Amino acid sequence: MNSGYNGPIGYLDRIRRTRGANFCRNAFLRTERGNRQNAVRLINDDRLLFATLFVLQPEIRERNLYQELSERNRTALNICQKIRSAKNPQDGTGGEISLKSEDVHSVMLWMFNTGAGEDGLSAEFDQILDITASVLVKTHHEKTVLPVIADLIFRRNRRGVYNHDLIWAFFQARDPQSLTHIAGKLRSSYKKDVELACQLLHIPEDTPLNTGRDKQKQYDAYLSWLKENSPYVYFTGESLQLTNAPSVCGVNLEAKYLCKDVSPRNNRPLTPLTDEEIANLEHFHEVEDEERAALATFSHNLHTKNESSWNEWMQYPVSKQVDIAKYGRRELA
């Protein structure tokens, strides 16, 4: 499991984990009534987990401790209030902090990385994790959290609880290499993991995945496919909110035929097409749909193997390109 946090934890975290949230709240209140500064020191412990700060929010308000919190803790509570008030405006404005601000970036990382392992604490806590993940990925372009999000998606799937927002957030990274975090679940011993991985990677339902050998074979095949196609992969924006069978990404066959990288974010070439490339594409479009994939794959493989031969091949009429792709030509091998 990749909960995202394996570091040391604070005294209050140990109490909450071993004795429960209510015992932790009572212990914190007893400490505050006996020695306020000691309570402040415990809550501001650098090792504190976000989940413990979250459960102690009522006690912090009741004992008027907000101004004595560390900047990290105050920012985290402001983020929680911002998210809460966005859903329920009557709970307060929460408008004093911008989730787009770089100032909150590191705090949101702390919230998500130390909070992911505590998923299921409450519905509100899980929702804050979802929105935090979404803001980190979509607004702050934070990719370090992707393996943690992927793990959380599959843990929720095993529990049968809502994970569509997390899945949406994960694919907002629009990073072809992030697909390896999903592909890794093809080898899982949990049937639900394998089923969800197939669904998200758009692997046909009739693919044999009954044995460990089947799973390893499919995993290797997917990584091979990704290695070949990653320069041409783009993300569609489809999600489980829209369809039960989302096709989250596709391969730009035109780009693969030209051996030209595209942006996975907008499916546009990273560099402008030359006049020669535009002319080549016009000929490419003359080919029947079913032959384009084969032609694009042949072009990519030839370019990878021998760029000089590929330049020669691209000068031929497209009909001859197809013939060579189908039947081969020794001097281009």
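Is N267 buried, partly exposed or exposed? At 26% relative accessibility, N267 is partly exposed, where buried means under 20% relative accessible area, exposed over 50%, and partly exposed in between (1.4 Å probe, protein chains only). The model is a predicted one, so to speak of local features a pLDDT of at least 70 is needed, side-chain atom pairs count only at pLDDT 80 or more, and totals for chains, interfaces and linings use all residues. Residues are numbered from 1 along each chain as its sequence is written, and side-chain values use heavy atoms, with hydrogens and water left out.

N267 also has a positive phi, near 65 degrees, despite being a residue other than glycine. It sits in the loop between α14 and α15. C259, in the loop between α14 (253-258) and α15 (275-284), is another non-glycine with a positive phi, about 55 degrees. C259, however, is buried, with a relative accessible area of 16%.

Now for the overall picture. The protein chain has 18 helices and two strands; these are DSSP runs numbered from the N terminus, helices being H or I of at least four residues and strands E of at least two. The C-alpha trace spans about 85 × 45 × 35 Å along its principal axes. Its radius of gyration comes to 26 Å, whereas a compact globule of 333 residues would have one near 20 Å (taken over C-alpha atoms, with the globule rule at 2.2 Å times the number of residues to the power 0.38). Of the 333 residues, 48% count as buried. Among contacts (heavy atoms within 4.5 Å) between residues at least 6 apart in sequence, 62% join residues at least 24 apart.

Among the buried ones are W110, M111 and F112. Their cover includes α4 (50-55), α6, α8 (123-139) and α9 (146-159).

On a 1 Å grid over the protein atoms alone, a cavity is a set of points where a 1.4 Å probe fits but cannot get out, while a pocket is an open set with protein on both sides within 12 Å along at least five of seven lines; lining residues have an atom within 4 Å of a point. The largest pocket holds about 400 Å³ of space. Of its 17 lining residues, V194, E195, C198, E205 and L209 are the closest to its centre. Helix α12 (residues 191-201) gives the most to this lining, five residues.

The second largest pocket has about 210 Å³ of space. Its lining consists of Q57, I60, R61, Y66, L77, N78, Q81, R84 and E96.

One cavity of 30 Å³ or more is present in the structure. The largest cavity contains about 80 Å³ of space and is lined by residues including I167, W168, F171, F235 and V248. Helix α10 (residues 164-171) contributes the largest share of that lining, three residues.

Definitions and conventions:
Points joined across faces, edges and corners; volume = space filled by probe spheres on them.
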